[in-house]
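Me: I have a model open and would like to learn how to read it. Please take me through it feature by feature.

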Amino acid sequence: MKIVPICLLLMLSALAQLSRAQSGTTSVPEANPGRPTVSTPATLTPVGYIQFENGTLFAEDSAEFSKRTGIGQVTKLSVLPRLELFLQSEPLAISQSKDQTAVHEGEVFAGVQSVLFFGGQSRPTVSISYARRVHTSVAPELDVGTFRQSTSILLSEDLHGFHFDTNGILAEQVQGDARRAQFGQTLSISHSLGKFTISGEVWHFSQPFEKGNTVGNLWAVSRAVRKNLVVDAGFNHGLAKTSTKWEAFAGFTYLLPHRLWRVRSGFLP
């Protein structure tokens, strides 16, 4: 199964080359980062543009490991104003437990997100998403665990200078022949301060096989270096006994500045 990350890398490289050759416009739209918060925005990326969300996460003091470093990557492509495809992977996961170090490739998920209602002056954007695991890894997981498939309801709204993202999540976790439902809720609030954006978040996930719950508090700062390039960094603190105690992360979101195909006038909302 190690061929999966290699194939994905080749596919992404081919798409990047195609995007350079088929630019349909000279203007560059803004990136729409889904990182670094646990919450995913209900709004989609610009139609026809590939967006990459890359980052590194360091975690320590969790049930399955003492220290863990992972490199995450999410690729998004909106093919219609209401439809976005995404691929989430962890090419590298390095963990330490009982003075032993292990190196693995992480899991890979493919999914789709669709807008149900576009936001306006008095209503939020509402979307639904579905993701399914396409590659399983033996790398130790964070406190949230991993899932075979997941469905989420996502809401995003701007109110009095603040941006709100909230998700309701239902996932299926599998352990041997046993299957359990996992429930999650997230709320992220962000506010611009000059050239920077400060984000605070609280989140909760049930742990069905541990018969517990994990809760965390995340804080992050991001800056748009360019319209299509946003860098970020922050930390997360676990608040429950079964939570990963500390996580620190840094990364970036980059929207390729060339559209893969032309969009007819009046096609976009």
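The dialogue below goes from the whole chain to single residues.

Me: What should I know before I start?

Reply: This is a predicted model, in which local features need pLDDT of at least 70, side-chain atom pairs count only at pLDDT 80 or more, and totals for chains, interfaces and linings use all residues. Residues are numbered from 1 along each chain as its sequence is written, and side-chain values use heavy atoms, with hydrogens and water left out.

Me: What percentage of the chain is buried?

Reply: A residue is buried under 20% relative accessible area, exposed over 50%, and partly exposed in between (1.4 Å probe, protein chains only). Of the 269 residues in the chain, 41% are buried.

Me: What share of the contacts joins residues 24 or more positions apart?

Reply: A contact means heavy atoms within 4.5 Å. Among contacts in the chain with a separation of 6 or more, 53% are between residues 24 or more positions apart.

Me: Which residues does Asn-167 touch?

Reply: Asn-167 belongs to strand β8. Leaving out residues up to four places away in sequence, Asn-167 touches Val-38, Ser-39, Thr-40, Ile-153, Leu-154, Leu-155, Gly-184, Gln-185 and Thr-186. The C-alpha atoms of Asn-167 and Gln-185 are separated by 5.7 Å, with the two residues 18 apart along the chain.

Me: Is Asn-167 buried or exposed?

Reply: Asn-167 has a relative accessible area of 6%, so it is buried.

Me: How do I read a pair of aromatic rings?

Reply: Such a pair is described by the distance of the centres and the angle of the planes. Rings of Phe, Tyr and Trp (its six-membered ring) pair if their centres lie within 6.5 Å; planes under 30 degrees apart count as stacked, over 60 as edge-to-face and the rest as tilted. Searching the whole structure gives three aromatic pairs. One of them is the tilted pair of Trp-203 and Phe-205, with 5.9 Å centre to centre and 55 degrees between the planes. Both Trp-203 and Phe-205 are buried.

Me: Which residue lies over the face of Phe-196?

Reply: A charge sits over a ring if NZ of Lys or CZ of Arg is within 6 Å of the ring centre and within 35 degrees of the ring normal. Over the face of Phe-196 lies Arg-223, at 5.6 Å from the ring centre.

Me: Are Lys-98 and Lys-211 buried or exposed?

Reply: Lys-98 is exposed, because its relative accessible area is 77%. Lys-211 is exposed as well, with a relative accessible area of 79%.

Note on methods: Helices (H or I, at least four residues) and strands (E, at least two) are DSSP runs, numbered from the N terminus.
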